[in-house]
Amino acid sequence: MFAGYIKPLLDGTFMDKDPDIIRWAPFALLFIFLLRGISGFISGYYLSLVGRYVVTTIRRQLFHHLLCLPLSYYDKNNSGQLITLLIFQVEQLAEAATKGLKVLVQDISTVIGLLALMLYYSWELTLVVLLTGPIIAVIISFVSKRFRRFSRQIQASVGDVTQISSEALAAPREIRIFEGIDDEKKRFNVVNERNRRSFMKRVVTELLSMPLVHFIVAIALAIIIYIATHDGLINQFTPGTFMSYMSAMMLLLDPVKRLTQINSTLQSGIAAGENIFSLLDNETEKDTGTQQLKQVKGDIEFKQVAFRYDESGSDTLKSVSFKVKAGQKIAFVGQSGSGKTTLVNLLPRFYNYYKGELLLDGVAITDIKLDNLRQQFSYVGQDITLFNDSVGNNIAYGKMRHASKEAIKQAAIAAHAFAFIEALPHGFDTLVGENGTLLSGGQKQRIAIARAILADAPILILDEATSALDTQSEKAIQSALSVLLKGRTTFMIAHRLSTIESADQIIVLEQGEIVERGTHQALLAKEGAYAKLHRLQFDRLDS
Ligand SMILES: Nc1ncnc2c1ncn2[C@@H]1O[C@H](COP(=O)(O)OP(=O)(O)OP(=O)(O)O)[C@@H](O)[C@H]1O
Ligand SMILES: [Mg+2]
């Protein structure tokens with residue numbers, strides 16, 4: 001509109017001295033800019049709105065998807081890269097979808113409008129501009145590939161920066177004792193430097209491509225001016241038309257510049273989009289189950305179960321068979337790495353690609369609805385995880401969130417945690433810090449036990465649940481548990497054999513195979529692997 005406005009302004013006022021145009025010219029200018037201001041606000045507002053919706057929606061989808069991916073996905077992927085996807089790449093995608101789209105729509109329509117005006121004034125001259133089109137297209141497609149490559153490098157390096165820094169921040173003690181400060185610095189500097197270099201490569205590409213495209217357009221404009229002034233074409237124009245044409249040409253430069261510039265944003269967005277959508281394409285945990293068990297007794301049977309983490313790896317569990325009757329306690333012992341944790345992890349279907357059969361109350365666990373199956377378990381893992389929340393909320397986590405204060409207190413008493421919780425500055429409302437850093441190892445473990453007790457599930461998995469406790473607390477918890485666990489099937493894993501003596505059945509694992517089974521007394525009498533382990537521990541205790 002502004003370029004078109006020049007013609008009547010010049011011709012009408014200077015040449016024809018048209019009183020109407022003279023009267024209306026200032027108002028028309030104000031109108032054009034008012035329109036521009038209003039549309040600028042509206043487009044800016046709605047584009048930001050769209051952009052923020054893109055960010056929140058995709059972030060939500062990504063996070064929800066991440067929560068539901070199978071455990072094997074977490075084993076294989078680096079958390080730094082996943083976090084970067086959520087924080088950094090989502091922003092890039094949104095920027096491409098909004099700012100990129102805005103420039104694309106706005107500037108392409110500006111370019112088309114200006115070209116249409118120029119074609120209208122003189123199609124012969126304007127053809128020269130159009131001839132530059134293919135040249136510019138070749139340049140753009142060449143730099144686009146480079147942009148995308150550097151954007152991928154930038155995204156990967158941001159992921160590495162996240163990964164290395166979060167690792168370093170989580171291990172302040174090890175870093176100090178083992179003089180890791182220099183190594184961490186070096187590790188960090190490498191990725192930080194890589195990030196800078198990738199950024200600079202992208203900037204250089206951007207800075208080279210922009211003036212190049214600009215220059216090509218300028219050449220076209222120079223040719224136009226040359227032809228217009230030399231071929232007498234200029235005589236066809238009124239001064240107003242010529243000025244209008246020249247303004248349109250000049251106004252063309254800015255959008256063309258922005259269009260080349262925005263390419264880098266668009267390509268980053270495309271690279272981010274590829275990563276984001278490929279994560280979303282990962283299948284979430286498959287729920288093959290159809291059955292809904294109502295009253296679970298807790299009979300468990302393993303029938304020749306074999307399992308390997310990785311297709312190409314070797315079997316971590318080899319043909320494991322055993323039965324646990326409802327309400328019984330079964331204990332697993334064996335060397336570190338013999339497959340005890342792996343075995344119990346199959347029960348709630350943390351990994352579901354095992355061979356053989358695994359039955360709960362006679363039903364294959366793959367036929368039971370996943371959430372129904374998991375409701376039947378309570379769990380204290382080998383690595384305790386606490387959330388950055390109060391002690392009370394850590395005990396009453398997830399499905400127990402509506403547990404009464406009294407129930408939480410009873411669970412804490414049974415887990416031998418009540419005394420120390422009461423001594424904390426705010427009792428159950430004390431915040432435990434990130435992963436419970438403000439508590440001792442044994443305190444964390446007792447909170448995890450209280451959580452497992454509160455869950456009140458028919459089957460309990462205790463993977464080294466009392467390993468961080470002193471013998472006295474352990475004994476106290478054992479006696480409290482033995483009352484609570486009556487009638488519940490319990491899987492216990494312990495290196496300290498004194499804690500499992502009372503189990504109904506003890507299974508000794510060696511490299512994923514069962515080598516012995518029986519009660520404590522029977523196994524001692526057998527003088528086999530268990531008796532040997534036992535002797536070793538008691539010799540150590542004696543000395
Ligand atoms: N997520 C995983 N991905 C691949 N391999 C794994 C994974 N977890 C464990 N392993 C491997 O499986 C084997 C058994 O590990 P598992 O954790 O079951 O041993 P464990 O008997 O519980 O040992 P510990 O007494 O030390 O806890 C080990 O050799 C280990 O390297
Ligand atoms: Mg283990």
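Hi everyone, let me start just after helix α12, where His416 takes a positive phi of about 60°. A quick note: this is a predicted model, with local features needing pLDDT of at least 70, side-chain atom pairs counting only at pLDDT 80 or more, and totals for chains, interfaces and linings using all residues. Residues are numbered from 1 along each chain as its sequence is written, and chains are lettered from A and ligands numbered from 1 in the order in which they are written.

Now, α12 itself covers residues 405-414; helices here are DSSP runs of H or I, at least four residues, numbered from the N terminus. Its buried residues are Ile408, Lys409, Ala411, Ala412 and Ala414, buried meaning 20 or more other C-beta atoms within 10 Å of the residue's own, with C-beta atoms placed from the backbone. Their cover includes α11, α13, α14 and α15.

How do α12 and α14 pack? Their angle is about 125°, and their axes lie 8 Å apart; axes are lines fitted to C-alpha atoms over the stretch in contact, with angles from 0 to 180 degrees between N-to-C directions. From α14, the contact uses Ala450, Ile453 and Leu454, where contact means C-beta atoms within 7 Å.

Finally, the largest nonpolar core has 68 residues; such a core joins buried Ala, Val, Leu, Ile, Met, Phe, Trp, Tyr and Cys through C-beta atoms within 7 Å. Helix α14 gives the most to this core, with 8 residues.

Definitions and conventions. Buried ≥ 20, exposed ≤ 12 C-beta atoms within 10 Å, placed from the backbone. Helix = DSSP H or I, 4+ residues; strand = E, 2+ residues; numbered from the N terminus. Contact = placed C-beta atoms within 7 Å.
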